[in-house]
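Colleague: Please put the model on screen, and then I will ask about the fold piece by piece.

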Amino acid sequence: MPIIELREVSKIYGFGDATTLALDEISLSVDKGEFVAVMGPSGSGKTTLMNIIGLLDRPTNGDYLLDGRRASRLRSNRQAKLRRDRIGFVFQSYNLLPRLNILENVALPLAYRGMAPVRRLKQASDILELVGMRDREYFMPRQLSGGQAQRAAIARALVNNPSILIADEPTGNLDSTDSRVVMELLNEIHRRGNTILLVTHNPELTRYANRVIYMHDGMIIGDEKTAVGQLARGVRRVYYSRHKITDDDVMAGVSALMKKVPGKEITTKLKRSKTKIKKRKVPSRRGRKAS
Amino acid sequence: MWSGNFKTAMSSLRQSKWRSTFTMLGIIIGISSVVTTVSLGEGLKHQIVGQVTSLGTNVITVRPGKLVSHGPGGDSLNFLALLSSSNLTVQDVTSLSKVSSATSVVPIDFVTSSAKGDNGELDNIFVGGTNGQFPTVIHQPVNYGEFFPSGDTDAVAIIGSTVANKLFGLQNAVGRTLYINGQPYIVHGVFQQSNNSFISPAQVDLNSSIFIPFDSAVKLTNGSTNILEIFVKSQDQSTVNQTINQVNSLITKNHGQQDFTALKQEQLLAITSNLINTATGFITAIAAISLLVGGIGIMDIMLVSVSERNREIGIRKAVGATNRQILSQFLTEGLALTIGGGIIGILLSFAINGLLRLYTSWQPIIDVWVVVLAAGVSIAVGIIFSIAPAFKASRKDPINALRGD
């Protein structure tokens, strides 16, 4: 059973002329233990996708199943508890609370679980040991270098022993040395059996992943399995060849938008035509055509 | 969770020390002014109760003006009567002395408010005429010399301790001369320092008053009188009602109508407390407005703080804080501000209380219930005025909150 399953998830922002289609009927499933790198230009919907998977946002249409259970339509309270227990976030800008020390920052998710202070600080300390930050426990976030802060943030994401670790450009603010340390850490965590979703702009980082997803204009235009340590083959191809927008793609977008409009008949008609189109849109074939 | 909230609240309040202090200032001022006002009222009531009990329960007070109106909704006070000029006459005093059950009749006649002595002139005092039976009604010991005897028409005076100090300094005042309206008077006795210093409801301070024989007072003012009140002492407790009836009928006969009020001590007490309660309530209401303004200040600052801490709220939500947990965090912060302000306000009012006792003749009393009430009010203000900002914080969309700083 996949740990994450998206069924034709779309996300629409705004309304009227300003309507933006951020995600266009994305279907995706991720199994336990996968290290998925999500690539794509800015505005391609990577972060929106991560927000929906991380239960920070709700899809406009479609279903999201976390561990086989529908999670996208739960009440916000239940979602908060799922975030607390099943999902760990790592952000580009670390997002540590500036007024708490590192130990308290790491222990924060446990505090919201209602764990006693002594126990949660002990557990946080153990996790900091794992990321090699034990000697910085009582530092304040501003006293740490970027790499150290990001490692502390990873410790915070891990402290609840989550099913999924979502890292949104974790190396975006780091130099190459710190990037390397952070990625090795993520690699280590992956080897322990955690599921990781990594958003990145850097093709080099796909070496750590065993699956790479390419996004463009809210659609998944490529999905390939790679061996860990190998640069994904599709990177160059997908990244540098211009993705052509066909009439079918436009129709797909219309179908997602039409779901907002009442009137079931049109929607289902469009949807049927779209499923056919999708099959023709396998990236490897497209890649072959291009080469 | 609660202790964690408290810690978080304290650390974020410490972060903006000045802002927190000034926000609390509103609550501090509000709480301390309410507590001080109420304690002043309580103190005044206490003084009057003490004075009334020192008069004894069988003393009847006759005051000019119809104080109590008997309406369909029960007895009510006629405040205007307190301001009217006196219509009690010498004839009333004379006829009252014929009441069989009355052992003594003591008029208090206002003469003037200034007197001259060796060391200069006093302006803000009470100079009054009374008779030799005064000590039987007001049990205030005379330290040096003695009270003038009944029927005395000499130019003698009994003076309060403050007056003695001011006019004659440390020297013995007895036998010395002071001047009232230019007429010389010889000091016949000095009252002991008095704590329950007021003869209500005329609010005469015994310590700064001069009493001269009634007849000389009448002579001094060329026959005109301004009798503030007449004390009638009944034989004992059981004859009080009978005496009141006689007093009423006698003076009504003299005046042709009932334009005065004869009251037992309990009634007097009830009326004065009523009066003080009304005044205290009115001033407290004004003080409470400052509390309200303080509360609005708290709400203001909390709203600013919520929008400033967008990112923090986003992070907390991302790591799994529920709406309720965010709400309670901000509510705790607001409560910490108001409870802190409340405590400081109560302490401040204790300090004001001490200063008032030291430097004025007021004797404010801070009751336990006032403190409890003030604490309760500051908690209530905290909840009422931080619930809206806390709710706003809890409903923030985590994505927007994370994006904005």
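**Cores, sheets and contacts**

Modeller: The largest nonpolar core has 112 residues, and those with the most contacts inside it are V36(A), V38(A), V106(A), A155(A), L197(A) and L198(A). A nonpolar core here is a set of buried Ala, Val, Leu, Ile, Met, Phe, Trp, Tyr and Cys residues joined through C-beta atoms within 7 Å. This is a predicted model, in which local features need pLDDT of at least 70, side-chain atom pairs count only at pLDDT 80 or more, and totals for chains, interfaces and linings use all residues. Residues are numbered from 1 along each chain as its sequence is written, while chains are lettered from A and ligands numbered from 1 in the order in which they are written.

Colleague: How many residues are in the other core that lies apart from the largest one?

Modeller: Among the members of that other core are V59(B), A102(B), V105(B) and I138(B). Its number of residues is 56.

Colleague: Which residues does V106(A) touch, leaving out those up to four places away in sequence?

Modeller: Touching means contact, with C-beta atoms, placed from the backbone, within 7 Å. By that rule V106(A) touches A124(A), I127(A), L128(A), A152(A), A155(A), R156(A) and V159(A).

Colleague: What share of the residues in chain A is buried?

Modeller: A residue is buried if 20 or more other C-beta atoms lie within 10 Å of its own, exposed if 12 or fewer, and partly exposed in between, with C-beta atoms placed from the backbone. Chain A has 291 residues, and the buried share is 45%.

Colleague: Is helix α5(A) largely enclosed or left open by the rest of the structure?

Modeller: Helices (H or I, at least four residues) and strands (E, at least two) are DSSP runs, numbered from the N terminus. The buried residues of α5(A) include Q148(A), R151(A), I154(A) and L158(A), and the buried ones pack against β6, α3, α4, β7 and α6 of chain A. Because 11 of the 13 residues of α5(A) are buried, the helix is largely enclosed.

Colleague: How far apart are the end C-alpha atoms of α5(A)?

Modeller: The expected span of a helix is 1.5 Å times one less than its number of residues. For the 13 residues of α5(A), 146-158, that gives 18 Å, and the model agrees, with the end C-alpha atoms apart by 18 Å.

Colleague: Which strands are at the edges of the 6-stranded sheet of chain A?

Modeller: Two strands pair if DSSP finds at least two bridges between them. The open sheet runs in the order β6-β7-β8-β3-β9-β10 with mixed pairing. Strands β9(A) and β10(A) run antiparallel and are joined by 6 bridges, with Y214(A) partnered by G222(A). The edge strands, each pairing on one side only, are β6(A) and β10(A).

Colleague: What angle does helix α1(A) make with β8(A)?

Modeller: Axes are lines fitted to C-alpha atoms, for helices over the stretch in contact, and angles run from 0 to 180 degrees between N-to-C directions. Helix α1(A), residues 46-53, packs on the sheet and touches β3, β7, β8 and β9 of chain A. The angle between the directions of α1(A) and β8(A) is about 150 degrees.

Colleague: Why does V199(A) count as buried?

Modeller: V199(A) lies in strand β8(A), residues 195-199, and touches residues including V38(A), K46(A), M50(A) and D168(A). V199(A) counts as buried because its C-beta neighbours inside 10 Å number 24.

Colleague: Which strands of the 4-stranded sheet of chain A have one side left without a neighbour?

Modeller: This open sheet has the order β2-β1-β4-β5 and antiparallel pairing. Strands β4(A) and β5(A) are joined by 2 bridges, and L66(A) stands opposite R69(A).

Colleague: Which element gives the most to the side of chain A that touches chain B?

Modeller: In the contact between the chains, 19 residues of chain A meet 17 residues of chain B. Two or more residues each come from α2(A) and α3(A). With 6 residues, the element that gives the most is α2(A).

How values were computed: Contact = placed C-beta atoms within 7 Å.
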